[in-house]
Amino acid sequence: MTNLVNLEAVSKSYGTHPLLSGVSLGVGVGDRIGVVGLNGGGKTTLLEVLAGLQAPDAGRVSRARGVRLTVLTQRTELPEWASVRHAVLDPLGVTTEHEWAANPRVRGVLDGLGIPSLGMDRPVAELSGGERRRVALAAALVPELDLVLLDEPTNHLDVEGVRWLAEHLLARRCAVVVVTHDRWFLDTVCTRTWEVADGQVDGYDGGYADWVYARAERGRRRGVAEDRRRNLARKELAWLRRGPPARSSKPRYRIEAAEALIADVPPPRDTVELLAFARRRLGRTVLELEDVTVTIGGRRVLDAETWRIGPGERIGLVGVNGSGKTTLLRLLAGEREPDAGRRVQGQTVRLAHLHQDLVAGSAGGESEDLPESLRVLEAVEEVARHVTLGPRETPGPRESGRQELSASQLAERLGFPASRQWTSVADLSGGERRRLQLTRLLMAEPNVLLLDEPTNDLDIDTLQQLEDLLDGWPGSLVVVSHDRYFVDRVCDTVVALLGDGRVTHLPGGIKEYLDRRGSAPAPTGSTSESSSGARKDATEQRAARKELARLERQLERLAGREAELQRQIIQRSADPAAFRELDGELRAVLAAKNDLETRWLEVADVAG
């Protein structure tokens, strides 16, 4: 079958820096391809060359005759003079509400992205940056298309918006090439992955989980000491396999081979140890809101609500855009006073707040501009020259969570290689400035972190580095993020603002949040032939979900029995007969657990 787009020996450079070097690849009908790689590595350039927005320096780009494609990059601009209506609908020749409401595809895109709520006649010039991105995404998706090329489309979407976009792309019959750092989105939508690195594009079957396995396997085959990136891939793979099965939406990688790769990888974090240390470090009181009322524009975000954050708690905060999440973080940080009630902060709290805007929060909760007269490393060393992340006081072999880093090492972990550390702060891009904010916050060694959309502008490698750092961080953490994978990875608890003036605890995490909001099940299979696209038979899905719940209860019981047997084996290791009996039972439990997990993975594909 003829590809929609072909690249043959394509090269593209900026100055002396080659972004693509002799790249040959193609996009076929119905392909769903995720593009990953370091920031600045050439992902956007690849997308623009595929779309014809940039011409290659060498090589050939060919497209099938009559192919209908759209491209949305981070450089896409909307006309300032236009209204929302004109920006989205003019290319279709559709302007009246009756016309677009009668078109299911157009209506679905506009409603799914919340465009009517912005005001169809509102001037583009009045929109915020996030609102402009949503309008541009809507404009890209409303036509009938053969190929959709998207650059970070999930930025500025809330959790529901990301879910809707995944379902929408699966339901359409067009091919998709998407640059994204959203790992849940990659695993849900994509059946192939391109990794852009050192001017080359390497292809892999499958989504994020498959790519992680391939990266770890590639490091193993080298037969040499792995660098930090390969070790992080093994740690990530271990988390995907050992954590709750729901954390991997499409676990197609080979289970047996994955188990061999992660046999010696410890759990991501020792929650019990970190919690105990946080209690010693923070005491009983951390942050408390007592009978607090907060009103925004006549709408009550909190209504006489009491919420207490304890030592060592790791909380993900979710809600629709505009629900008050950022306001709640500012309230916790002491940057906004409640309309009624009071905020209580523990005496030992050292608080750091990462804002969404380009202002860094200091360890004391105040705001300060980035020092533009300094270079990157100087700006980090201005806070401290060395940092210890992880317990200082834990004796013995359990000190593995402790990480002592210099300012330069931490900067490198968060995306500033040595060659970039002497760049002037004034010359940094928006994404780099945000990474510098985060680096400075961590250098201050806070014991309470408030992070507002920390994953924006981070590539997957830097996200893994940040998660690795937070794994050993012994403090209280509140995260606002649309990145459900990140929330699931670093948080132990999820709470939501549901519009009722309460902070609602969700034992079922983000899935429970989406269920409460009435969202459709996550699409995880290929597109169907029915008008509902990716939705599977509802009866079959309901039965599968019931079986999943039963399997999860069984897995939980087996995990408890496994822990108890391991404790007894340690206690009775001097008794050979008892040891053999307990070891035999443990082997049986592990075998049963493995069988249940395998069945869980099979049923999960049906349940969605």
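**Entry 1: helix H12**

I started with helix H12 (residues 325-333), where 7 of the 9 residues are buried, so the helix is largely enclosed by the rest of the structure. By "buried" I mean under 20% relative accessible area, with exposed being over 50% and partly exposed in between (1.4 Å probe, protein chains only). The buried ones in H12 are Lys325, Thr327, Leu328, Leu329, Leu331, Leu332 and Ala333. After H12 comes Gly334, with a positive phi near 80 degrees. Helices here are DSSP runs of H or I with at least four residues, strands are E runs of at least two, and both are numbered from the N terminus.

**Entry 2: ground rules for the model**

A note to myself before going further: this is a predicted model, so local features need pLDDT of at least 70 and side-chain atom pairs count only at pLDDT 80 or more, while totals for chains, interfaces and linings use all residues. Residues are numbered from 1 along each chain as its sequence is written, and side-chain values use heavy atoms, with hydrogens and water left out.

**Entry 3**

I found an open sheet of 3 strands in the order E11-E10-E13, paired antiparallel. Two strands pair if DSSP finds at least two bridges between them. Strand E11 (299-309) and strand E13 (340-345) stand at the edges with a single partner strand each, so one side of each has no neighbour in the sheet. From one strand to the next, the twist averages 25 degrees.

How many bridges join strand E10 (residues 287-296) to E11? I found 7, and the two strands run antiparallel. Val294 stands opposite Leu302 in E11. H12 packs on this sheet and touches E10, E11 and E13, its direction making about 135 degrees with that of E10. Contact means heavy atoms within 4.5 Å. Axes are lines fitted to C-alpha atoms, for helices over the stretch in contact, and angles run from 0 to 180 degrees between N-to-C directions.

**Entry 3: H6 against H18**

Then I turned to a helix pair. Helix H6 (residues 159-171) and helix H18 (residues 509-516) pack at about 80 degrees, with their axes 11 Å apart. That makes H6 roughly perpendicular to H18; angles of 65 to 115 degrees get that label, under 35 is roughly parallel, over 145 roughly antiparallel, and the rest oblique.

Which residues meet here? From H6 I noted Val159, Glu160 and Arg163, and from H18 Ile510, Tyr513 and Leu514. They divide into 4 nonpolar, no polar and 2 charged. Ala, Val, Leu, Ile, Met, Phe, Trp, Tyr, Cys and Pro count as nonpolar, Asp, Glu, Lys and Arg as charged, and the others, Gly among them, as polar.

In H18 the buried residues are Gly509, Ile510, Glu512, Tyr513 and Leu514. Those residues pack against H6, strand E12 (314-318), helix H17 (484-490) and strand E21 (493-497). H18 is followed by Gly518, with a positive phi near 80 degrees.

Leaving aside neighbours within four places in sequence, Glu48 is in contact with Leu53, Gln54, Thr73 and Arg75.

Glu432 lies in helix H15 (residues 430-443) and is buried, at 12% relative accessible area. Not counting residues up to four places away in sequence, Glu432 touches Phe416 and Arg420.

Glu152 sits in the loop between strand E6 (147-151) and H6. Glu152 has a positive phi of about 50 degrees although it is not a glycine, and Glu152 is buried, at 8%. Ala9, in strand E1 (residues 5-14), has a positive phi of about 50 degrees and is not a glycine. Ala9 is partly exposed, with a relative accessible area of 45%.

I noted 20 helices and 22 strands, and 55% of the 608 residues are buried.

pLDDT is the predictor's confidence in each residue, from 0 to 100. The mean is 81, and 80% of the residues reach 70 or more. Where pLDDT is low, the predicted coordinates should not be read in detail.
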